[in-house]
Amino acid sequence: MSHSLWSEKILQLLRRMNNFYLSGSCRANCLRFEIEGAQVGWIPPQVVSQLARYPQVFNPPQGGAVALCSNLDSYEKRSAAVDAVLQTLRKEGNFPFLKGWRNERYSVMPRFCDPPLMSMERAATSLFGVKRYGVHVNGYTVSDSGEVSMWLARRSPTKQTYPGMLDHVAAGGLAAGVSIKHTLVKECEEEACIPADIAEKAKPVTTVSYTYVEQGEVFPESQFVFDLELPLEFKPRIGDGEVQEFYLLPIDKVKELLASEDFKPNCAMVVLDFLIRHSFIEPDSEPYYQEFVAGLHQTV
């Protein structure tokens with residue numbers, strides 16, 4: 001693949017993963033989701049129309065926003081009231097992403113540094129455009145001669161999302177009440193059998209943020225990214241069955257794969273960031289360098 005075609009493929013990936021910001025997206029028709037006057041998400045129009053059926057939970061749209069009723073004045077009350085609505089919507093089966101219900105709670109707050117205002121079922125967050133957080137680990141090795149290689153995983157063919165695609169050596173969503181470091185160590189142990197004493201050496205390096213629209217629902221996501229240099233003799237092993245195989249690949253091969261349809265898209269973004277931070281992509285040789293960097297750090 002020529003360099004110019006590779007660059008164009010990467011631009012297409014970044015546009016796709018930030019399509020919420022493109023002209024013609026549903027953004028212009030979304031309403032802000034507010035709790036206690038603070039925005040915590042974006043509600044697509046087809047969801048807004050359904051919420052009108054639950055006036056005891058959601059106030060009528062006003063000023064471009066939908067707010068929770070003021071009598072839902074605690075974390076517990078909000079979480080329970082919204083969950084009851086979501087359970088009904090799930091049974092009705094009109095929203096495809098609710099079919100992937102996981103019984104996993106995500107925190108809902110205006111910013112990551114703010115106290116959570118409620119929790120919500122992971123599969124439902126896209127109905128409200130609530131930001132989801134995760135942890136991604138770039139597992140890599142450095143040979144005695146200085147050559148960098150990266151460990152990649154191929155997802156199980158039975159995974160709910162992106163089955164059979166290339167992924168990080170370990171990654172996972174940040175559940176309500178669970179710390180970033182705990183999530184990192186847990187995912188490393190469960191997915192790749194990386195012992196805690198190795199996983200804890202991972203270094204936090206950046207976040208990668210983006211917002212995309214899929215099937216009319218809104219996915220704002222931010223990934224906490226860690227770099228973990230693994231010992232040369234270490235080989236990840238399949239743990240919880242979410243992975244079918246691991247590969248140790250030279251950086252040139254990893255870079256080539258980024259432009260294929262084989263990579264889970266948000267993982268491709270995190271690997272792109274790794275290549276930029278480790279100077280495998282440089283501004284003198286990559287004309288879209290600034291566009292790449294900007295596309296990795298889009299926030300609502």
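## Helix H7 and its neighbours

H1 passes H7 in a left-handed crossing, where left-handed means that the near helix is turned anticlockwise from the far one by less than a right angle, and right-handed that it is turned clockwise. This is a predicted model, in which local features need pLDDT of at least 70, side-chain atom pairs count only at pLDDT 80 or more, and totals for chains, interfaces and linings use all residues. Residues are numbered from 1 along each chain as its sequence is written, and side-chain values use heavy atoms, with hydrogens and water left out.

Let's start with H7 itself. Helix H7 covers residues 265-277; helices here are DSSP runs of H or I with at least four residues, strands are E runs of at least two, and both are numbered from the N terminus. Its 13 residues reach 19 Å from the first C-alpha to the last, close to the 18 Å expected at 1.5 Å a residue (the expected span is 1.5 Å times one less than the number of residues). H7 is largely enclosed by the rest of the structure, because 12 of its 13 residues are buried. Buried means under 20% relative accessible area, exposed over 50%, and partly exposed in between, with a 1.4 Å probe and protein chains only. Among the buried residues of H7 are Cys267, Met269, Leu272 and Phe274. Just after H7, Ser279 takes a positive phi of about 65°.

Now for the packing partners. The axes of H1 and H7 come within 10 Å and cross at roughly 120°, which makes H1 oblique to H7. Axes are lines fitted to C-alpha atoms, for helices over the stretch in contact, and angles run from 0 to 180 degrees between N-to-C directions. Angles under 35 degrees count as roughly parallel, over 145 as roughly antiparallel, 65 to 115 as roughly perpendicular and the rest as oblique. On the H1 side, the residues meeting H7 include Trp6, Ile10 and Leu13, and their partners in H7 include Pro265, Met269 and Leu272; contact means heavy atoms within 4.5 Å.

Helix H6 (residues 251-258) also packs on H7, at an angle of about 135° with the axes 10 Å apart, and the two are therefore oblique to each other. Their crossing is left-handed. Val254, Lys255 and Leu258 are among the H6 residues that meet H7, where Ala268, Leu272 and Leu275 are among the partners.

Trp6 is found in helix H1 and is buried, with a relative accessible area of 6%. Beyond its neighbours within four places in sequence, Trp6 touches residues including Lys255, Leu258, Leu272 and Phe292. A polar atom of the Trp6 side chain lies 2.7 Å from the backbone oxygen of Lys255, and a polar contact is a pair of N or O atoms within 3.5 Å; within protein, one must be able to donate a hydrogen and the other to accept it, and residues adjacent in sequence count only if both atoms are side-chain atoms.

Ser25 sits in the loop between helix H1 (3-17) and strand S1 (31-35). Ser25 is buried at 16% relative accessible area, and a polar atom of its side chain lies 2.7 Å from the backbone oxygen of Phe20.

| Residue | Phi | Relative accessible area |
|---|---|---|
| Glu36 | about 55° | 63%, exposed |
| Tyr162 | about 50° | 23%, partly exposed |

Glu36 is in the loop between S1 and strand S2 (38-43), while Tyr162 is in the loop between strand S7 (148-155) and strand S8 (166-168).
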